[in-house]
Amino acid sequence: MLKNYFVTAFRNLARNKSFLLINVAGLTIGIASCLLIFLVIRFELSFDDYHAKKDRIYRVTTVFDRSGGLDYSSGVSVPVAQALRVDYPQLEVANMMSRGNDMITVLEDGKPVKKFRELKGVFFTEPQVFKIFDNKWLAGDPATAITDPFTAALSRSLAVKYFGSWQQAVGKSIVYEKSQPIKITGVFEDVPENSDYPFGVVISQSSNRSLMTNTDWQSTTSDQNCIIVLPENMSAAQFNNMLIAFRKKHAPESSTTLTKISYHLQPLNEIHFDERFGTYNERTFSKELIRGLALIAAFLLIIACVNFINLSTAQAVNRSKEVGIRKVLGGTRRQLVFQFMGETFIITFIAACLATVVTWLMLPFLSDLMEVSITPGAGQIPQLLLFLVAVIVCVTFLSGFYPALILSGFNPISALKSKLSAKSIGGLSLRRVLVVLQFGIAQVLIIATLVVISQMNFFRSTSLGFNQQAVLNIPLPADSVSHSKRNIVRERLMQQPGISNVSYSFSAPADFGAWSSDFNFDHSPVPINFEPSLKWADTGYFSTYGLQMVAGRPYIESDTTREFVVNETLVRKLGLKSPEEALGKEINFWDGRIVAPIVGVVKDFHSNSLKDEMNPVVMGTRERSYRMISVRIDMSKSKELLAKIEKIWNESFPDYVYEYQFMDEKIRNFYRQENQLSQLYKVFAGIAIFISCLGLYGLVSFMAVQRTKEVGIRKVLGASAANIIYLFSKEFTLLISISFLIAAPLAYYFMRDWLNKFVFRIDMGIWFFVVSIAGSLCIAWITVGYRAAKAAFANPVNSLRNE
Amino acid sequence: MINITNLEKVYRTDEVETIALNKLSIEIKKGEFVAVMGPSGCGKSTLLNILGLLDDPDAGSFVFNGTEIAKYNERQRAELRKHNIGFVFQSFNLIDELTVFENVELPLIYTGVKASERKQKVDEVLEKVQIMHRRNHYPQQLSGGQQQRVAVARAVVNNPKLILADEPTGNLDSSNGNEVMELLTNLNEQGTTIIMVTHSEHDARYSHRIIRMLDGQTVTENILI
């Protein structure tokens, strides 16, 4: 029996090659997209899920309640961990870790031989860190490796990079920035990519004097994380309650500050998904995004299944004779359902096999796009296979069941007398509904894609209020020797033809990681109730970035802070009526440590991405805080200038590693995740349209065959080719228009939500919708038109002769 | 073997009511060869569909082998049909995707005969209708007469007690037609009951009895032997 089914199925499929092709192509693309999205989601969900104590590991985070709203930080003040250990000895582990800078020098026989910049992975931490996270140790003892000052453990790949092989690393030394030599005491296996704690160089916290002497309970940076492991019998809620008393005891609220600080536990399994706090990888993946992707995967699969249902029910007429014969010869309905489901299974199976190959081929591209390697390891293969089997079963049922029911329900008498036509078989209206569904989904995706792309263009093209073009950002080492060379370096750079401006500053006008602080304004005893960004920079900053003054003048050049310039937003936030009113007023930072008058107001510029509000900004000179050099260059000579700048830099700062970034490149990085999203949307919207059109083409081809006689008669009676093409496209035009009416409000609703995340955003103009419906219609007409034209230009004699 | 009494069948559309069978009563004995004749629309095909358990009557009694089956549901009819009745159609109705052998094998598959036994039975019956040499061909590769011989083979492979033939020679030329009629006669001589709908007086002469129908009723019966 089975053999007979398979034989019929294969011969049938072979006979209807175009239908097979369309079905397999659609399903292959649908399943492959599904698999790829599954791999992405699986990867993102797997972050840090491999630690034995994962359910008891928490990060202590800080929430600032300011009058303007809540601010979130993944960090806590440095003394928190030690105080937690003392106050709550029942905690299994409480550990502080601080991200370090990137300069590592490798020593051999006490002499520096190689320098490296480790952009992530350098940490200062306490020894108990290895009791929290599961790292496999290759050499050394995790319990004692970093207990002493100036000891460090390395990941396997860094050990290989520094010393040739990890076996030789232990006992060797490295230097962090300009520290004394740090001895390597252990090597651990590389941290997997799905971890937000990417340890590379783990240096004992006792090696860092500023951390060891830090008793400041007020300052917080996101670089300093406190991770704890709760005892088995304690819940996060219980400990959160204890943290209220803890905060009151150690960091009492002063009467003058309006900011309330509170500590909260964040479970390890939420760290990767909560963009309010961020991670050491500078990358979070919101649950919302995961749901969005899963939805897209389901959509694509549904679209592919719809093709299958449409084509199979339309094609059912051709199978009616077979159904009739089988029924006459004693086949039951159940047997026939089984037979047709079997055929669906064969097609799905073929598609799934091809999809696996396609997925495998596409993986490198997707990994590139997502900037992570999502290639599954051998351990994930069973999980992947299980998913694939689930997809096959789902698709077989979704797409096979309805056609099987229709086919097996034929009355054998009508079936044998060929009295069945595409119209008399149920499902014509269902086919219409499905086409509407298909194009509805496709149009939601088209509109979403257009909105995302436009918002990205908006990000790229909108002026941030300063000139971001052709400015090079280079680091300025922090030590005093390097700082003393500032003027010489500037002179050497300015001598190069093509370099017009050189400026020293703490950060770029818009930059990652801001320094912000409140101050007392105009002799007020109470500090202001917000924290402006501090932009320490020399006078050249204004010309280098083309900042414009709206009142007063730029401050004069000085090594210390003698004068301030503020921006318009700050003036507004202070409640002053005009920029002029701010001139001459005094700003007092940190209880009189820096006091100076405002001498100018600069036109507003964005100090962070367009996703966020315009920040209030205070600018002033402060030589000791400068960390970067901004160089404006003539882009037509960029190649030679880049080489010259690198040469000058290396000669001036021989102990450090050179790197550079163009300002506009840095700004693009603000929108990395949005950019990835827009790429994904483009691809998936394209796929949705393609699969839908594939189905449309199949449906129209079938209609053309079914209506050959009708077309012949119409032509004999005088219909033109245009009339015939109209006949075919009329219905689809109507269906796509209906699908648009459903898709447009849905897309509007979702995308308005998405846009609302950004403070500076585009309007959802009417043209998104016009382009979507016009585009869908055009594509559909092209698809339908080709097949319809073929039918229309056929000689009617041929089609009527068959009668 | 078959005893129908006051059988009625009415086809209704929104506006028209067509009486296909009007209190029809017929008795057919085991081993008979009966031809049913009449003009188009007289109810021949409806009668054949009901006799073949493909359709159910609206009223009346249908006794098959001593059992009343007028009220059987589809599953019961299918069960009875596959063990007792073989069909031969005017348009052959072979499945294009299956070979000659596989087409003839189909009824055996549905009655659950084992593979080895199936092969033997199919080969036997193909031998009998002299189409053995074409057993691996597809229907499109055969002439009309050959296709109808395959259809006859398929109808008898299960050893049915009754064969229903709906204008078996309608699509054939006279020599092929005669071959098929000879085949049916042979089967009848071996004990199979045959009911044949036909327009051809020539074919009807192969039967024992001709039932002539008009407007859903029998008008005359001619006994030929």
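These questions and answers walk through a predicted model with chains A and B.

Colleague: What does the model score for ipTM and pTM?
Modeller: This is a predicted model, so its scores come first. The two scores are ipTM 0.80 and pTM 0.81.

Colleague: In chain B, where is confidence lowest and where is it highest?
Modeller: The mean pLDDT of chain B is 89. In chain B, 100% of the residues reach 70 or more. Confidence is lowest in strand S10 (residues 217–223) of chain B, with a mean of 82. It is highest, at 94, in strand S8 (residues 193–197) of chain B.

Colleague: How many helices and strands does chain A have?
Modeller: The C-alpha trace of chain A spans about 100 × 60 × 55 Å along its principal axes. Of its 803 residues, 42% count as buried. Its secondary structure comes to 25 helices and 24 strands.

Colleague: Where does UniProt place the domain "ABC3 transporter permease C-terminal" in chain A?
Modeller: The name comes from an unreviewed UniProt entry. Over residues 295–412 of chain A, the model is 86% helix and 0% strand. The end C-alpha atoms of that stretch are 42 Å apart. The record gives the domain as residues 295–412 and 683–796.

Colleague: How far apart are the end C-alpha atoms over residues 766–786 of chain A?
Modeller: The unreviewed UniProt entry lists several transmembrane regions in chain A, including 20–41 and 766–786. Residues 20–41 are 100% helix, with end C-alpha atoms 31 Å apart. Residues 766–786 are also 100% helix and 0% strand. Their end C-alpha atoms are 30 Å apart.

Colleague: What is the radius of gyration of chain B?
Modeller: Chain B has seven helices and ten strands. For its 225 residues the globule rule gives 17 Å, and the model comes close to that, so chain B is as compact as a globular protein of that length. The radius of gyration is 17 Å.

Colleague: What share of the residues in chain B is buried?
Modeller: The C-alpha atoms of chain B fill a box of roughly 50 × 40 × 40 Å. Among its contacts between residues at least 6 apart in sequence, 68% join residues at least 24 apart. The buried share of its 225 residues is 46%.

Colleague: Which strands stand at the edges of the open sheet of four strands in chain B?
Modeller: The strand order is S2-S1-S4-S5, with antiparallel pairing. Strands S2 (17–28) and S5 (67–68) each have a single partner, so one side of each lacks a neighbour in the sheet. The edge strands are S2 and S5 of chain B.

Colleague: Which residue in S4(B) stands opposite B:Ile4?
Modeller: Strand S1 (residues 2–12) and strand S4 (residues 59–64) of chain B pair in the antiparallel sense. Five bridges join them. The residue opposite B:Ile4 is B:Phe62.

Colleague: Which residue of S8(B) is the bridge partner of B:Leu162?
Modeller: S8(B) runs parallel to strand S3 (residues 33–37) of chain B, over four bridges. There, B:Phe33 stands opposite B:Ile194. S8(B) also pairs in the parallel sense with S7(B), over five bridges. The bridge partner of B:Leu162 is B:Thr193.

Colleague: Which residues cover the two faces of S8(B)?
Modeller: Five of the five residues of S8(B) are buried, so the strand is largely enclosed by the rest of the structure. One side holds B:Thr193, B:Ile195 and B:Val197.

Colleague: How many residues of H5(B) are buried?
Modeller: Helix H5 (residues 144–156) of chain B should span 18 Å, and its end C-alpha atoms are 19 Å apart, which agrees. Its buried residues pack against elements including helix H3 (100–110) and helix H6 (174–189) of chain B. H5(B) is largely enclosed, because the buried residues number eleven of the 13.

Colleague: Which element gives the largest share of the side of chain B that touches chain A?
Modeller: The contact takes 19 residues from chain B and 18 residues from chain A. On the side of chain B, the elements that give two or more residues are helix H2 (74–84) and H3. The largest share, five residues, comes from H3(B).

Conventions: Residues numbered from 1 in each chain as written. Chains lettered and ligands numbered in written order. Predicted model: local features only at pLDDT ≥ 70, side-chain atom pairs only at ≥ 80, totals over all residues. pLDDT = per-residue confidence, 0-100. Pairing = 2+ DSSP bridges. UniProt positions renumbered as here; feature names shortened; annotations may be inferred. Rg over C-alpha atoms; globule rule 2.2 N^0.38 Å. Buried ≥ 20, exposed ≤ 12 C-beta atoms within 10 Å, placed from the backbone. Contact = placed C-beta atoms within 7 Å. Expected span 1.5 Å × (residues − 1).
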